[in-house]
Amino acid sequence: MNLATSAAEKLELRRDVTVWGSFMWGYADVGADIYAALGLVMAAAQGATHLAFALAGLVYIMIGLAYTELAATYPVAGGGQYFTLRGLGDFWGFIAGAALLLDYTIDIALFATASAGYVNFFLPVLFGVDVSQLAVSLGPLHHVNLFWMGESLLLVLFLIWLNIRGIRESSLFNEILGALDIITESTIIVFGFLFAWHPELLAHQWNTQFPTLRQFMYGSSLAIISFVGLESISQAAQETKRPATIVPRTSLTLIFTVLIFATAFPTMSLGVLPWQDIARSVGDPVARLAHSIPLIGVIAGPFAALLGATILLISANSGVMSASRLTYAMSQFQFISEWFNSVHPRYRTPHRTILVFTGIGVIQLVLSFLTPNAMDTLSNMYAFGATTGYILVLISLIKLRFSDPFAPRPYKVPLNLKLKHNGQRVQFPLLAVVGLLGVSSILFEVILTHAIGRIAGPAWLVLAFAYYAWYRRRHGLPVMGSLPRDWETQQMQVLEAAEEYALLEQYRAALARREGRKGGVSP
Amino acid sequence: MSWRDYYQASTTLLMFPVGLAIWWRSLAHLTAMSLAVGGLFLALATYRAYFFVVYWRRMKGERQHG
């Protein structure tokens, strides 16, 4: 099957995802992150946690804008891996894919663990025991929480069963849950600021509990995990009709909403509770915070815990689904073996991908529980994979402005410098350069301060590359070079399938002008 | 108006009282940070409220022109 045919077949999957549906698709993925990140970042950045989130948020805006432009221009599932492949070629496309695959496997482990953490919010009420009391020592390993690990593993096994059987949550379920979450988070923030927030406590913690530079670097690099999941923007674009109109609107709203929550929660937390209280509740920080708000706390605490457990489980499930989508795309581009594409004879689901990559997630989960803080260890790896992928996406955005200036861009990252390149006018995205510097500094922080991430992250990429080199050599394909691909034909098919006829005409006209300049035949 | 518009309208309306309440609560212990937090909420609400002004003007214009 050639690439154009497979792309055309995939595009048949398009369905009419509404603006609200598209927004909620993304929100169910990114909106859950704060539930996991708040306690982790608080433990590192202490009295400056809100600053750590704000700085990571600034970088996130630039990454989000880059994803918005690329997803609206190339509305094809595959996300960062696809954009990097188009911009930088096969090798870097594979590296981006491997980094994102690391994130998806960690996503399964981290969010299943976090989901179990919110279930544990009820342990003191139901059984009179706190989950931290159940930790044991196993030889040289201390604070190993086998109970929490068992719960997390059960959740992952449940997800494997769901995905192999092909049972998925409906769009309506996602929309209702997303709406409930937005209402709950907004209520916690409004009530928290109105009735529980003490500005003097925030100022006191800022003045007396400011972290060291190393702690702050660690905290701000962890804060980026509260914004991970931007890939969902491109996943939604693939299945949305008229993505050029819908994607920029939903994407910008998503960026704005997540940013508001991610900066408001730590700011409020530091004015309501000492940072140590939130840091101690690393498994259920939002529920702990909600529980301490007067008037609504009695209900808001358990409700936030229940909602957190559900939305985090959905986020873990998105890791299982995204890993199979990504590996499918990678095998189509001849990066990995087609063996991964096999579907289950009865359930018609990609069972091999689900078992292999969720299995890797299970190994990561078990290993992380052998360290003193499982969530912290998993976040280390998560931050490495995300920042590596985002750097490549930002470079690709800049490169594609030069190498593919003809593709219509319904949305462009603001602040552009007009240049002439090979007789063609191009717009150089200054904000992407700023974003690139921002993400690079976060990756630098990760490598400098994350003891596990700096070793395990690159080791994952090296192992993945060894497999890639073996696979490509075995099939007589270039390892460092790229295969010839007809991007222009595919772009026309993508625009046609998306019913973006005006953009299709614009694209054809631009290509015709180029051919005219060359003295060739217009397409 | 779509669901998205209703959502934006309600969050904008909520930001005004939150910003004002933060300033009000800050009066007892005035710090630059609390003023900034309240100010950010108010600034954001004002910025977003501008879109409602544009919307109402457009609707008014459409009604006037039949």
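The talk below sets values against definitions, one at a time.

Mentor: Welcome! This is a predicted model, where local features need pLDDT of at least 70, side-chain atom pairs count only at pLDDT 80 or more, and totals for chains, interfaces and linings use all residues. Residues are numbered from 1 along each chain as its sequence is written, chains are lettered from A and ligands numbered from 1 in the order in which they are written, and side-chain values use heavy atoms, leaving out hydrogens and water.

Trainee: How many helices and strands does chain A have?

Mentor: Chain A holds 22 helices and four strands. Helices (H or I, at least four residues) and strands (E, at least two) are DSSP runs, numbered from the N terminus.

Trainee: What makes chain A as compact as a globular protein of that length?

Mentor: The globule rule is 2.2 Å times the number of residues to the power 0.38, and the radius of gyration is taken over C-alpha atoms. For 523 residues the rule gives 24 Å, and chain A has 23 Å, which is close, so chain A is as compact as a globular protein of that length.

Trainee: And what radius of gyration does chain B have?

Mentor: Chain B has 16 Å, whereas a compact globule of 66 residues would have a value near 11 Å. Along its principal axes, the C-alpha trace of chain B spans about 55 × 20 × 15 Å. Chain B has two helices and zero strands.

Trainee: Why is Thr388(A) called buried?

Mentor: Buried means under 20% relative accessible area, exposed over 50%, and partly exposed in between (1.4 Å probe, protein chains only). Thr388(A) has 12% relative accessibility, so Thr388(A) counts as buried. You will find Thr388(A) in helix α18 (residues 374-403) of chain A.

Trainee: Which residues is Thr388(A) in contact with, leaving aside its neighbours within four places in sequence?

Mentor: Those are Ala99(A), Leu443(A) and Leu461(A). Contact means heavy atoms within 4.5 Å.

Trainee: How do you know that the buried residues of α10(A) are on the same side?

Mentor: In helix α10 (residues 199-208) of chain A, the buried residues are Pro199(A), Leu202(A), Ala203(A) and Gln205(A). They cover an arc of only 165° around the axis, so they are on the same side of α10(A). The arc is that of the directions from the helix axis to the C-beta atoms.

Trainee: What makes helix α12 of chain A mostly covered?

Mentor: Eight of the eight residues of helix α12 (residues 231-238) are buried. Among them are Glu231(A), Ile233(A) and Gln238(A).
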